[in-house]
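Please open the structure in your viewer and keep the sequence beside it, so that each selection can be followed in both places.

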Amino acid sequence: MRRAGLVGVPRVRPWSWQAFLLGFVVVAASAALQGVCVALGAKLYFAAFLPSLFVLGIVAGAPAAVFAALLTIPLVWWAFIPPFFEFTPLSSANADSVNLFCLLAVLLIGLADLCRVSMTINGSGGLKSSGESAATNSQ
């Protein structure tokens, strides 16, 4: 594993089995944290999963984060949306929660991918100058 631009943050190759295993572990840890939140009375079904998707996207890349997001939806539907541990038709409010999670997951994974790319560019010495400014029109 290589070091990222952040000190102490290991990076994993995006399409490796380690990245997808890390995605599975992150979803399991987030589910445990979400279980504690639900036991304390919280009704935000996806609250613990969104920050972990962002961190996973930075550490393991977008494919692992998308895998974790797709794994999260049926897990939350089954384990955290009442009635618990059953797949029942979603109410309109619960369907809106799933849709909002999908939107936020896409935005967070995209942002994490941009952060990962910028850390790679900064780690390799930054952008190289081609001699001409992008604002200069050569015509």
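Begin by selecting threonine 72, which has its place in helix 3; helices here are DSSP runs of H or I with at least four residues, strands are runs of E with at least two, and both are numbered from the N terminus. Before going further, note that this is a predicted model, in which local features need pLDDT of at least 70 and side-chain atom pairs count only at pLDDT 80 or more, while totals for chains, interfaces and linings use all residues. Residues are numbered from 1 along each chain as its sequence is written, and side-chain values use heavy atoms, with hydrogens and water left out.

Is threonine 72 buried or exposed? With a relative accessible area of 1%, threonine 72 is buried, where buried means under 20% relative accessible area, exposed means over 50%, and partly exposed is in between (1.4 Å probe, protein chains only). A polar atom of the threonine 72 side chain lies 2.6 Å from the backbone oxygen of alanine 68. Leaving aside neighbours within four places in sequence, threonine 72 is in contact with Val27, Phe46, Phe49 and Phe101, contact meaning heavy atoms within 4.5 Å.

Next, select helix 1 (residues 17–39) together with helix 3 (residues 62–79), which pack at an angle of about 35 degrees with their axes 9 Å apart. Axes are lines fitted to C-alpha atoms, for helices over the stretch in contact, and angles run from 0 to 180 degrees between N-to-C directions. The residues that make this contact include Phe20, Phe24 and Val27 of helix 1 and Phe67, Leu71 and Thr72 of helix 3. The contact residues of helix 1 with helix 3 divide into 11 nonpolar, two polar and no charged; Ala, Val, Leu, Ile, Met, Phe, Trp, Tyr, Cys and Pro count as nonpolar, Asp, Glu, Lys and Arg as charged, and the others, Gly among them, as polar.

Phe49, Leu53, Leu56, Gly57 and Ala60 in helix 2 meet residues of helix 3, among them Ala68, Thr72 and Val76.

Within helix 2, pick out alanine 60, which counts as buried at 0% relative accessibility. Not counting residues up to four places away in sequence, alanine 60 touches Val12, Arg13, Pro14, Ala19, Leu22 and Arg116. Aspartate 113 is 53 residues from alanine 60 in sequence, yet the two are 9.6 Å apart in space, C-alpha to C-alpha.

Now move to the loop between helix 3 and helix 4 (92–123), where proline 83 lies. A cis peptide bond joins proline 82 and proline 83, with omega about -5 degrees. In this loop you will also find phenylalanine 85, which has a positive phi of about 60 degrees although it is not a glycine. Most residues other than glycine have a negative phi, and most peptide bonds are trans. Phenylalanine 85 counts as exposed, at 53% relative accessibility.

Buried residues make up 32% of its 139 residues.

Technical notes
Polar contact = N/O pair within 3.5 Å; in protein donor to acceptor, adjacent residues only side chain to side chain.
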